[in-house]
Amino acid sequence: MLYIPIAITVFSSNFVLLSSVPSTLIVVTNTMAEKHDPIVDTKVADGDPGTPIEKGSINHVTIEEDKALSSRVTRKVDMRVVPMLCMLYLTAYLDRTNIGNAKLLGLEKELHMPSNGYNTAVWVFFLTFVLMEVPSNLLMTHSKIPPNWWLGVSMTLLGIVTMTQGFVKSPGPLYACRAIMGIFEGSLGPAAALMMGSYYRKMEFPLRYTCFTTSALVGASFSSFLAYAINFMDGVQGISSWRWIFILEGLFNICVALTTFFILPRFPAESTFLAPEEKTHLLERLAIERGDEAESLSGQPWLKYLLDWQTWLNIVVYFGADISAAAISQFSPTILSQLGWTANQANLRNVPIWLVGAVIALSCNLAAGKLKIRFPFILFGATLCAIGWAIQLAQVNPPGVRYFALYFIATGSFLQLPLLVSWLSANTVGRPKKAVAHALQIGFGNSANFVSANVFIKGQAPKYRTGFTTGLVVTVVGLCAACVLEVVLWKKNKGADEREERGEIETKMLGKDGMRFRYTL
């Protein structure tokens, strides 16, 4: 029963933040032309209004009424889309990371797991998790299954399987449960990115997606705190405390998932929670920014989407950031215990690592949205991760220094991940292409968890030289890929600007319906 008031507090604070964002972030600052009138569009990829477009408004309302209508639509979308997806991710991340806490409370010993048993339980989850992400988004986009039913069923089944882990008697059934959990949780991350990308303009997306990812960080911090509290239930009804972790947190997941059927809406064109004029306004303002996006993958250039250079370069950067996030989620309790703290002390010291990372990630992503840039913050985050890994690899003493280095690794990775998703979203036009791009990005990017699960070798404790070296090298590769991507995008924007200055007709840098387009840097 501890979960509900904590969750309410977290999401109340998130929406205080959303409501306090300057109106330039959430309200259309230009009047909109009617749908069938010619539009002189000057927006760039991040939603910079530039020179005002041809004056007018939707349904011939005044400018003031148009702003009020836009603000009302944004608030309604915020209330229906963001909190539900955040709660789903919070509970799903609880279920994903609680195995690290259970390990400290006797999981391995009671199940008589082999030396690599914990690593196996981690990587089998991500095997099915990664394989599920791309087909999940394709099916949700192409099929007639509403998002609320797709995610509601998936997350309910995830909670049931999580509870089942609390009743296993040997390693084999645990591995099976983890593999099945990966199937159901694999649908959430890409689906959330697709949903938010469908409802929000580029200038609105980063803050909302950051709230989504931050909810996972808050969930992970709860996981450690709850593991500390649940440890006092050891032996209740003859059940070990690590089993209670899976049972109680799985039950909470089920309760949250069941509300998805009633709260989460369909995609914008099929949504019913907005009044007719509000729905028209939403679709109009999305069309002005993106053009009319295709609603299915029928007749789309699949191979072109799958091989897009920008998507794959972004994946390399995402992989470099996610190796740090994976290590923190899977092994930070173990690393802390190796520094000399007991299981309960390690779980408690893990809580602030996640909370500090969440606060800094939210702050940096909000600043990135206001400044309409991504790369400088990504560079900052990757540098923090590299410093943290270097400290761990050098085995700097006293232990407090290495504990502090975990904050660097966590904060650097947490602030990068949502920025990379919003960066890709801002530079990708069309819902079918977004569906493929985000699924590839999060799916293959999350394969960093395979690496993390197999490089922290139990026999190398407490130095974990293979794990720390791998973390440092992969982080540096991701940092270099981010620099390459930034330079390429900058050159493409510069070339388009030069052609525009010469009065040439643009044929390369175009959005939907021939609209002016510039990459977000």
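In the predicted model, the axes of helix α13 (residues 309–338) and helix α19 (residues 465–501) come within 8 Å and cross at roughly 150 degrees. Axes are lines fitted to C-alpha atoms, for helices over the stretch in contact, with angles from 0 to 180 degrees between N-to-C directions. Helix α13 is therefore roughly antiparallel to α19, a term used for angles over 145 degrees. The contact of α13 with α19 has 16 nonpolar, seven polar and one charged residues. Helices are DSSP runs (H or I, at least four residues) numbered from the N terminus.

The largest nonpolar core has 129 residues, of which Leu85, Phe212 and Phe456 touch the most other members. Helix α3 (residues 63–104) supplies the largest share of this core, 18 residues. Such a core is a set of buried Ala, Val, Leu, Ile, Met, Phe, Trp, Tyr and Cys residues joined through side-chain atoms within 4.5 Å. A second, separate core of seven residues includes Val134, Tyr305, Ile315 and Leu440. Beyond its neighbours within four places in sequence, Phe456 is in contact (heavy atoms within 4.5 Å) with residues including Asn119, Phe331, Trp389 and Phe468.

Val124 lies in helix α5 (residues 117–142). Val124 counts as buried because its relative accessibility is 11%, the cut-off being under 20% relative accessible area with a 1.4 Å probe and protein chains only. The C-alpha atoms of Val124 and Phe450 are separated by 8.4 Å, although these residues are 326 residues apart along the chain.

Residues are numbered from 1 along each chain as its sequence is written, and side-chain values use heavy atoms, with hydrogens and water left out. As the model is predicted, local features need pLDDT of at least 70 and side-chain atom pairs count only at pLDDT 80 or more, while totals for chains, interfaces and linings use all residues.

Key:
Buried < 20%, exposed > 50% of the residue type's maximum accessible area, 1.4 Å probe, protein only. Helix = DSSP H or I, 4+ residues; strand = E, 2+ residues; numbered from the N terminus. Parallel < 35°, antiparallel > 145°, perpendicular 65-115°, else oblique. Nonpolar A, V, L, I, M, F, W, Y, C, P; charged D, E, K, R; others polar.
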